Amino acid sequence: MSTHAPPRRRSLLRPGEGEAYLLVLPWLLGFLIFQAGPLLFSLGLIGFKWEMVTPAHWVGLENLRQLVTDPLMGTTLYNTLYFVVLSVPLNIGVALATALALNVNLRGVNFYRVVYYLPSQVPAVANALLWLWIYNPQFGLANAILSAAHLPPSQWLFDPAVAKPALILMGIWGIGQGMVIFIAGLQGIPPSLYEAAEVDGAVGWNRFWGITMPLLTPVIFFQFIIGIIGTFQAGFAYVYIMTNGGPEDSTLLYILYLYRQAFENFHMGYAAAMAWVLFLIVGVFTLVQFRMAKQWVYYENVHD
Amino acid sequence: MGSSQGRPARAINRRRVLVGASIGGISILGGSLITACGSAAAPTAPSKPATQSGAATQPTAASQPASGGKASIRVGMAGLDVAQIAVWQNVATEFSKANPNIEAKIENVTGDAYQKYLVEIAGNAGHDVYDYETKQVPAYGAKGVFTVLDDYIHASSIVQPNKYFPVTWSKCLVSGKVVAIPWDTTPAALFYNTEIFDKAGVAAPPHDWGNADWTWDKFREVANKLSNGEGAQRNYGYFQSTWWVYSLPWVWMNGGKIANRDETKVTIDTPEVVDAWQFLHDLMWKDKVFPSAQETTAGAGTMFFTGKIGMYTNGPYFIPSLRKDSKIKWNVAALPKGPKGLYTRDPSDSLVIWKGSKNQDQSWKFLEFATGPKGQEIIALGGRGVPARIETAQSDKFLKQPDGIDWKVFVDATAHEGIQPVTDVWPQMDHTIQTELDKMWNNRATAKDVAKTLQTSITTLLGKATARRDRATWSETGWESPKY
């Protein structure tokens, strides 16, 4: 109702922003309706003692205090970090090596790509049962290989010193996903760069370190982020089915312990506290990675 | 009917696989914990079941038929096998014949049944009647989700405490109130392969409990005589699950206890406990007549079924698979008498009524029927346990079944049942003791070391249990092994 026309209508949204919001709306609605509530609920639970069927009562910081004094927390954090620190680089390294090996123009290369990719599509439970048999100290394939190589047999999942490495080793079986992403990354490297390098006389490792690696760093970075977040949370099905956290708590991962607190002991408040602490730990790890990324991740299209 | 009754500590069981499958992808970030348990934990304020039927305090209702139309009650059973489903369907059918106004639906809850029960109850969508392993009853009963049955029992001519095996009955009490009625009792006894005994020229173990010749020393001697061979070819004289609860009869027989009656003092590091554990350890590592975890990777059950193990302590729930999967000739005998008495353990199973059920009286009718003479007769022929009702257990119908099994050994075993220490911290106690005792089973620690560590950790753990709850949490007859 202004007496004179405004000089320019100022929209609340920048051009295209409306469509963008429209596109994320389904996810946003899903999040708000199904996840935000439980998320906040679990945050609130930290202050309560609640066993699901008995009334919840306020205990303040008691759950967090118990978290600090719980002797099993140290064990589970150690086990989980052990997994993250060993398994993430190992998996990324093997995935990269496999991707490099399969990034060639050979007849039938797709067949091999499928072969290496397939195990990552085997359901966790089937995988777990399969590897239980492979690691069987009496009849397993793993010990058969050791004995063929004239090495002493291992007790594998029955030996607290070997159980964690055994599970990590088994994780290599599932590198398919990472391998495919690496292959995609490798194929995104413009051939012209390699041609130019060839003109300059760079071959073999020089080519790899001078061109392939720098251009793959964003992909590697992505894999580290996803891998670390994933590994903190993953492994539940495996330790639950294969070892139940044993022997002697050597494979008691944080998430298995959280599960026990929530669904065996029905300490919902305590479990919620554990979940949020893990969220913070993962958050810190991710943040540190992003900070460190500036030192080693090379983005081709960024110029300064 | 707990799926964990006979589990070897490290075996994969169906429960584990199913749960692993269903939450294999569990995400941990905050709220996902809650979404993982479905609608039951929707972000409404946690509360008690809304319905608080007054039925339990009005016993007169118990003897009245349901008013109005036909009522339907849902009975949640904990992981029945196919044969047992048929048994319980039969119970339900006969129940409806006797009570035309009530229909009972048997619903088998597979996987982690007790967890699912609690989730249902928390969501105020429980079954009317639940089946529990009796040893679980005090821990869950303390949460106040079961109907107190005392008034119903006072008014009932069928369900009377003295009709049931006393130790089994005693486990159905929480704070002196009855919250469950037992439907079977499953004491462990000694299964043995008769052919192995014949071949070794050793007399079969006695079937009568308390036989003066059947002592620990004699048992050890027999176990050694039945063992032979080396490496993968070795035959073993004895096996029992390495789950720590199966060591309890040996502890009790040696005069040991996990803690004193009023849980003021943990007594794990006493010589009685340590020596009993060491006895089992010696069978495994000194005599090598008891295969270790590494030697039973194919499953100890399978080894017994294929004639590689001479004697095997287990409950009668071992029988269905033994009959189905093995071709060996076997029988069942008494456990050997210890220096300080003769004990066995007994998980047993019972029925409870959910406090929030809208069909309290009808549910009671079902309990009365299933644990009464007619229901017990059907259950008796189920072949996995002893009916909880003494008269049924002692009837010829049960004792002289065409299956030819010496059921009397299990019936007699009921006189020698010890009581496991069951508290609301049971799951933690279970994990803690098992983790520590596994060090002994794996020959990396002596029984004494294990007991010393456990003395401290269990004292802390039980301290928490009493700090959070009053003593009512504890099974009424508590820690003592009853004397007969």
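Modeller: An axis here is a line fitted to C-alpha atoms, for a helix over the stretch in contact, and angles run from 0 to 180 degrees between N-to-C directions. The model we are discussing is predicted.

Colleague: With that in mind, at what angle does helix 9 of chain B run to strand 9 of chain B?

Modeller: Helix 9 of chain B, residues 216-226, lies across strand 7, strand 8 and strand 9 of chain B. Taking strand 9 (309-314) of chain B as the reference, the angle of the helix to this strand is about 135 degrees.

Colleague: Which strands stand at the edges of the open sheet in chain B, and why is one side of each left without a neighbour?

Modeller: The open sheet has four strands in the order 8-9-7-10 (chain B), with mixed pairing, and its twist averages 20 degrees from one strand to the next. Within it, strand 7 (residues 189-193) of chain B pairs with strand 10 of chain B in the antiparallel sense over four bridges, and B:Asn193 stands opposite B:Trp330 there. Each edge strand has a single partner strand, so one side of each lacks a neighbour in the sheet, and these edge strands are strand 8 (236-240) and strand 10 (330-333) of chain B.

Colleague: Turning to another part of chain B, what is the handedness of the crossover from strand 1 to strand 2?

Modeller: Strand 1 (residues 71-78) of chain B is mostly covered, with six of its eight residues buried. It runs parallel to strand 2 (residues 102-109) of chain B, to which eight bridges join it, and B:Arg74 has B:Lys105 as its bridge partner. Between these two strands the chain passes through helix 3 (residues 82-98) of chain B, and this β-α-β crossover is right-handed.

Colleague: How many residues of strand 3 of chain B are buried?

Modeller: One face of strand 3 of chain B carries B:Val129, B:Asp131 and B:Glu133, while the other carries B:Tyr130 and B:Tyr132, and both faces are covered. As for its partners, strand 3 (residues 129-133) of chain B runs parallel to strand 1 of chain B, with two bridges between them, and pairs with strand 11 (residues 349-353) of chain B in the antiparallel sense over five bridges. The strand is largely enclosed by the rest of the structure, because the number of its residues that are buried is five of the five.

Colleague: Which backbone nitrogen does the side chain of B:Thr186 reach?

Modeller: B:Thr186 sits in the loop between strand 6 (181-185) and strand 7 of chain B. Since buried means under 20% relative accessible area, B:Thr186 counts as buried at 0%. At a distance of 2.9 Å, its side chain reaches the backbone nitrogen of B:Ser348.

Key:
Residues are numbered from 1 along each chain as its sequence is written. Chains are lettered from A and ligands numbered from 1 in the order in which they are written. This is a predicted model: local features need pLDDT of at least 70, side-chain atom pairs count only at pLDDT 80 or more; totals for chains, interfaces and linings use all residues. Side-chain values use heavy atoms; hydrogens and water are left out. Buried means under 20% relative accessible area, exposed over 50%, partly exposed in between (1.4 Å probe, protein chains only). Two strands pair if DSSP finds at least two bridges between them. A crossover is right-handed if, with the strands pointing away from the viewer, the path from the first strand over the helix to the second runs clockwise. Contact means heavy atoms within 4.5 Å. A polar contact is a pair of N or O atoms within 3.5 Å; within protein, one must be able to donate a hydrogen and the other to accept it, and residues adjacent in sequence count only if both atoms are side-chain atoms.
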